[in-house]
Amino acid sequence: MSHSLLRGLTAAALAAAALFVPIRLAQAADPLISQGKPATASSVEGSGFEAAKALDGNSGTRWASVEGHDPEWIRVDLGATATISRVKLNWEAAYGKSYKIQTSADGSTGWTDVFSTTTGNGAVDDLTLSGTGRYVRVYGTARGTAYGYSLFDLEVYGTTGGGPVDTTPPSTPTGLAATGTTSSSVSLAWNASTDNVGVTGYAVYRNGTEVATASGTTYTDTGRTASTSYTYTVKARDAAGNLSAVSNSVTATTQGGTGGGPAVPFGSHQFPYAAGMLKPTGSQATLDQKVIDYYNKWKAAFVRQNCGNGWYEVISPDADHPYVGEAQGYGMVITATMAGADPNAKAIFDGLTKFMLAHPSVNNSDLLAAEQDDACKSVNGSDSATDADMDVAYGLLLADKQWGSAGTYNYKQLAIKHINAIKASEVNPSTNMLLYGDFSSSGEEHYYQSRTSDWMADHFRAFKAATGNSVWDTIRVKHQTVATNLQNNYAAGTGLLPDFVINTNSTPKPATGEVLEDPKDGQYWWNACRDPWRIGADAVTSGDSVSLASARKLNTWIKSKAGGNPSNIATGYKLNGTAIDSSSDPSFFAPFAVAAMTDSGSQAWLDSLWNKMLATPIQTDSYYAASIQLQVMITATHNHWVP
């Protein structure tokens, strides 16, 4: 048996196959020889999906061919004639059902088949084969889906020039230590290894079994059992697949199940989404770890203790003031959700709570003043912003479920006070529509206006559950109805909502010109960009038919508008779908991932959006973009839950 497609074989077949594997495989495994080498392809779906993306060693990027066409191929130039023993294909949802692995001496003639199949079914194909050539090509003749061909990774293993390319392993990682525990997680850190070529990652072992690959020198192992000891080691890995010697071992014991750790640790997935909701392709553990990795970057960039007093703050370098209520609200929701992955989550949350309580609005002291200066003093009127207060109240409800309310702060009591204050000062009593903040009262020019990105249906559901007040159902239904009417009457072809709505006391319609912030207040701009996430979050968690319809309308349009390529999502649109700015920003492309989750036919599109997020460096100068993307990633991986 010179080659095999091992995935899907029975145990008996595998045992039989093992009898015929050439003896050379019993020797040291051949190294990876394709990473970073020049690659070309028959076609590319669009910018960001070039052939080189499958050879960059990053499973978050990929090559994608044009959709709906056969045959298509991708080719790598190994730089010299090689003896090839193994090819590993990590398919995206758009996979090859019938394809060949071919080799050639010159890349244009004399292609030799070294493997072929007509029964490919996606996922990972780890192929043992035998061939020689400078060029290796994956040649697809029949797609497995209606889309194209797409590979996260194309890995070729073998030898060139008569010997291995790189057989030197990295140095041994040192200083492995447990940096924190909860009832369900262990956080680890170690010192970086060195290598003659370069370290590409670290294999993490729990009780002797490899459980993850970390890209850096930290890792949080989630989903553990309370009051249980675990032993960890790590090894460094280089691009050739060489592993270092094992690090020192460290044993850590998770906290007890009561009083210490959170009740809903990140990654526990205790609250299933509505039936049929998608998530990005990949194992749940891998998806969760990507969120943790991004959270750690977000936390390092924006979480501070600049003001003393035991306060924590989320800085806002891209806002009008160093500290804004919206950022604090995001911080409270995020840290309460990430409890279990971050051992310091409760301390940060309590510091944010203390900051919130120390900065009351001048109009209603149970709400948060929206803006603070460098000295952490409330400024610019010291009144409130509704979106901030919605998240503050929601974050407090999450905290009550996570840690209970018997500690330093009675989270439940604070949440109910905040919810009641929102009802009293930030909801128009005659329309049941949200106001911009507690500065707007009867006779004020904005009294019959509202901001669409404040319309958080899942928050309204949580407020009803916490207070028992059915008015929150009435408020939720009113906002859902207005959103549907706006989509039908002003954006029938797109489903887009405007930043701001006027005439809420009669027939709500998009703002005409500037009403609060910008001449584009009536367009899909820097506020409404959050709507696919906010609407989608309720759709995926509740399964509500109104939210689902609104989210699916948005998804259908943007998938077509972007041609299946998230890099084509513009920064802002008129409600008819005309792009305002051709640049790309996470604030605009990330939220559409949540809308994509609601459509069973959008798996490839969702994966494209997810990979676009993974491939986009965090904007450390924009709390807004980074906080939106992080919360979208939490929701996309089924880690969002409604208290």
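With a relative accessible area of 0%, Gly536 is buried, a word used for anything under 20% relative accessible area, while exposed means over 50% and partly exposed lies in between (1.4 Å probe, protein chains only). Gly536 and Thr637 are 101 residues apart in sequence and 13 Å apart in space, C-alpha to C-alpha.

A quick word on the ground rules. Residues are numbered from 1 along each chain as its sequence is written, and side-chain values use heavy atoms, with hydrogens and water left out. As the model is predicted, local features need pLDDT of at least 70 and side-chain atom pairs count only at pLDDT 80 or more, while totals for chains, interfaces and linings use all residues.

Zooming out, the protein chain splits into domain 1 (39-160), domain 2 (174-253) and domain 3 (284-637), with bounds that come from an automatic or database domain assignment. Between the C-alpha centres of domain 1 and domain 2 there is a distance of 32 Å.

Now for some strands. Two strands pair if DSSP finds at least two bridges between them. Strand β11 (residues 199-206) is joined to strand β12 (residues 209-214) by five bridges, and the two run antiparallel. Val204 stands opposite Ala212 of β12. The hairpin of β11 and β12 has two residues between the strands, and there Asn207 takes a positive phi near 50 degrees. β11 also pairs with strand β14 (residues 229-238), again in the antiparallel sense, over seven bridges; Arg206 has Tyr232 in β14 as its bridge partner. From β14 the pairing carries on to strand β15 (residues 250-253), antiparallel over four bridges, with Ser229 opposite Thr253.

Another sheet is an open one, made of three strands in the order β22-β23-β24 with antiparallel pairing. β22 (450-451) and β24 (509-510) stand at its edges with a single partner strand each, so one side of each has no neighbour in the sheet. Strand β23 (residues 500-502) pairs with β24 over two bridges, and Ile502 stands opposite Lys509 of β24.

Next come the empty spaces. Rolling a probe the size of a water molecule over the atoms shows where empty space is left. On a 1 Å grid over the protein atoms alone, a cavity is a set of points where a 1.4 Å probe fits but cannot get out, and a pocket is an open set with protein on both sides within 12 Å along at least five of seven lines; lining residues have an atom within 4 Å of a point. Grid points are joined across faces, edges and corners, and a volume is the space filled by probe spheres set on the points.

The search of the whole structure turns up five cavities of 30 Å³ or more. The largest cavity has a volume of about 160 Å³. It is lined by 16 residues, of which Trp455, His479, Gln480, Ala483 and Ile535 are the closest to its centre. At least two lining residues come from each of α7 (457-467), α8 (471-490), α9 (531-542) and α10 (545-561). By class, this lining has seven nonpolar, five polar and four charged residues; Ala, Val, Leu, Ile, Met, Phe, Trp, Tyr, Cys and Pro count as nonpolar, Asp, Glu, Lys and Arg as charged, and the others, Gly among them, as polar.

The second largest cavity holds about 120 Å³ of space. Among its 13 lining residues, Val333, Trp533, Gln631, Thr635 and His640 are the closest to the centre. Helices α3, α7, α9 and α14 each supply at least two residues of this lining.

Of its 29 lining residues, the closest to the centre are Asp320, Glu326, Glu371, Arg451 and Glu517. The elements giving two or more residues to this lining are α3 (325-337) and α14 (623-636), and the lining counts 11 nonpolar, six polar and 12 charged residues.
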